[in-house]
Amino acid sequence: FWLKRGYFAEGRQWLERALAATESSEQLRAKALNSISWMAVFQADYPTTLARADESVALGRKAGDLRTTAHSLFLQGVVAVQRAEREQIARLAAESQTAAIASEDLWVQAHPLELLGFVAVIDGHYDRGAQLFRDGLELFRRSGDIWGVSRMLTNVGQVAVLQGNCAGARALAAEGIALSQELGDRREVA
């Protein structure tokens, strides 16, 4: 709820309080830390993102929670994207993908494809990047994650712009914006 509505400060505050107030299983704590990390990345609070994701990865691995581990590695990769750390993005994408595939969860498998798409685009391989984003788009569609679909449409659209396909980019943007409006996601609409 907090994440998709943009209530990051409130969500983080509640989850941090819950973690401080209770003893929880490693798996539950890993999931809460993952959520805090995800909200922190949207606030560009990268030190918190990395600290919470690091702890989530460690606990997720210890608890055998491949889904949370893969997603927390993805969040670390998002910080690397923001910092333009190409080698770090590639490393984290590979680690995230390994855990995601082992999890057999389509939703989590889509995330490392986004990172790998960014690596391809950084390297100037626009067709490869667009294909990786489309592969992730398909997994988000199959998993029913409209928000993920919207994000991947944005990514494919950005590659279309880089390739000089403004009409294609416009169509992708229109579809993504419509989905974001449907979800009440103000960030992607702006």
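A: Helix packing

Start with α9 and helix α10 (residues 166-183): their axes come within 8 Å and cross at roughly 160°. Axes here are lines fitted to C-alpha atoms, for helices over the stretch in contact, and angles run from 0 to 180 degrees between N-to-C directions. Helices are DSSP runs (H or I, at least four residues), numbered from the N terminus. The model is predicted, so local features need pLDDT of at least 70, side-chain atom pairs count only at pLDDT 80 or more, and totals for chains, interfaces and linings use all residues. Residues are numbered from 1 along each chain as its sequence is written, and side-chain values use heavy atoms, with hydrogens and water left out.

The two helices α9 and α10 are therefore roughly antiparallel. The cut-offs are these: under 35 degrees is roughly parallel, over 145 roughly antiparallel, 65 to 115 roughly perpendicular, and the rest oblique. The α9 and α10 crossing is left-handed. That term applies if the near helix is turned anticlockwise from the far one by less than a right angle; clockwise is right-handed.

Now the residues. On the α9 side, Ile146, Trp147, Val149, Ser150, Leu153, Val156, Gly157, Ala160 and Val161 make the contact. They meet Gly168, Ala169, Leu172, Glu175, Gly176, Leu179, Ser180, Glu182 and Leu183 of α10. Contact means heavy atoms within 4.5 Å. By class, this α9 and α10 contact holds 11 nonpolar, 5 polar and 2 charged residues. Nonpolar covers Ala, Val, Leu, Ile, Met, Phe, Trp, Tyr, Cys and Pro; charged covers Asp, Glu, Lys and Arg; the others, Gly among them, are polar.

Move to the loop between α8 (126-143) and α9 (146-162), where Asp145 sits. Asp145 is buried, at 8% relative accessible area. Buried means under 20% relative accessible area, exposed over 50%, and partly exposed in between (1.4 Å probe, protein chains only). The Asp145 side chain reaches the backbone nitrogen of Gly148 at 3.0 Å.

Next, another pair. The axes of helix α3 (residues 26-42) and helix α5 (residues 66-82) come within 10 Å and cross at roughly 20°. That makes α3 roughly parallel to α5. The crossing of α3 past α5 is left-handed. From α3, Ala30, Lys31, Asn34, Ser37, Trp38 and Val41 take part. Their partners in α5 are Thr68, His71, Ser72, Leu75, Val78 and Val79. This α3 and α5 contact divides into 6 nonpolar, 5 polar and 1 charged residues.

Ser56 lies in helix α4. Ser56 is buried, with a relative accessible area of 0%. Beyond neighbours within four places in sequence, Ser56 contacts Ala30, Leu33, Asn34, Thr68 and Ser72.

Ala80 belongs to helix α5. At 1% relative accessibility, Ala80 is buried. Leaving aside neighbours within four places in sequence, Ala80 touches Glu85, Gln88 and Ile89. The C-alpha atoms of Ala80 and Leu50 are separated by 9.9 Å, and these residues are 30 residues apart along the chain.

Finally, some backbone angles. Ala44, in the loop between α3 and α4 (46-63), has a positive phi of about 55° although it is not a glycine. Ala44 is partly exposed, at 47% relative accessibility. Ala84 is found in the loop between α5 and α6 (86-103). Its phi is near 55°, a positive value in a residue other than glycine. Ala84 counts as exposed, at 62% relative accessibility.

Terms used:
A polar contact is a pair of N or O atoms within 3.5 Å; within protein, one must be able to donate a hydrogen and the other to accept it, and residues adjacent in sequence count only if both atoms are side-chain atoms.
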